[in-house]
Amino acid sequence: MAKILIVDDEQKIREVIKEYAVFNGYEVSEAGDGMSAVGLCKLENFDLIIMDIMMPKLDGYSACKEIRKFSNTPIIMLSARSEEVDKLFGFELGIDDYVVKPFSPKELMARINAVISRNKGQEMVSEKIMKFDGLEINIPGRTVSIDGQKVELTPKEYDLLFYLVENKNIALSRDKLLSDIWGYDFYGDDRTIDTHIKNLRNNLGKYRDYIVTLRGVGYKFEV
């Protein structure tokens, strides 16, 4: 369940947003000023922050600036100000969306859903850019680098390495590697896998030992 922090000094606004957010399946926390919001963000991880601008103790802009020092949690700014300069200033601070008061709760929820969905997608991509010492494997970008230098692999070597990495620490039989990478209708034998593993290890150089041979079984990428 995604967690949302609603920050607004007006209790009624917090209540309205909370009602819609809970109905949409979100877990909700509240803060009545920017100072409290910064404190909560240091204690908990949130999937989204809804931040008003005009608040006591610490305004929304200042709170956003403080939060950005230690967190990249998406922020939707709420404000009665509709001037372009206010919106631009918010985006320069790193907010993800800007909603002008008075607002439609349904529209706000649509924006919340969109921001969270977009952020989750970015997280999934970042999770597929992996580093193991000086070996960097970028699955979405389909690149492999060793100590900052790109390594050129054959298409099947890329496929094989990415599959091993995505299933790291899992024993993979030669038959499974053949069927999942080459396809069930591939006409070949275990030597196809062994040859590609040998070439892949040569290309990985000093990081070749990440690919472990499981005698009588197959291979695994061991971290």
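I started at Ser29, which is buried with a relative accessible area of 17%; buried means under 20%, exposed over 50% and partly exposed in between, with a 1.4 Å probe and protein chains only.

I then looked up where Ser29 sits, and found it in strand 2, residues 27-31. Strands (E, at least two residues) and helices (H or I, at least four) are DSSP runs, numbered from the N terminus.

Next came the neighbours: leaving aside residues up to four places away in sequence, Ser29 touches Ile4, Leu5, Ile6, Glu44 and Phe46. Contact here means heavy atoms within 4.5 Å.

A note on what I was reading: this is a predicted model, where local features need pLDDT of at least 70, side-chain atom pairs count only at pLDDT 80 or more, and totals for chains, interfaces and linings use all residues. Residues are numbered from 1 along each chain as its sequence is written, and side-chain values use heavy atoms, with hydrogens and water left out.

Zooming out, I found eight helices and twelve strands in the protein chain. Buried residues make up 45% of its 223 residues. Among contacts with a separation of 6 or more, 55% come from residues 24 or more positions apart.

Along the principal axes, the C-alpha atoms fill a box of roughly 70 × 35 × 30 Å.
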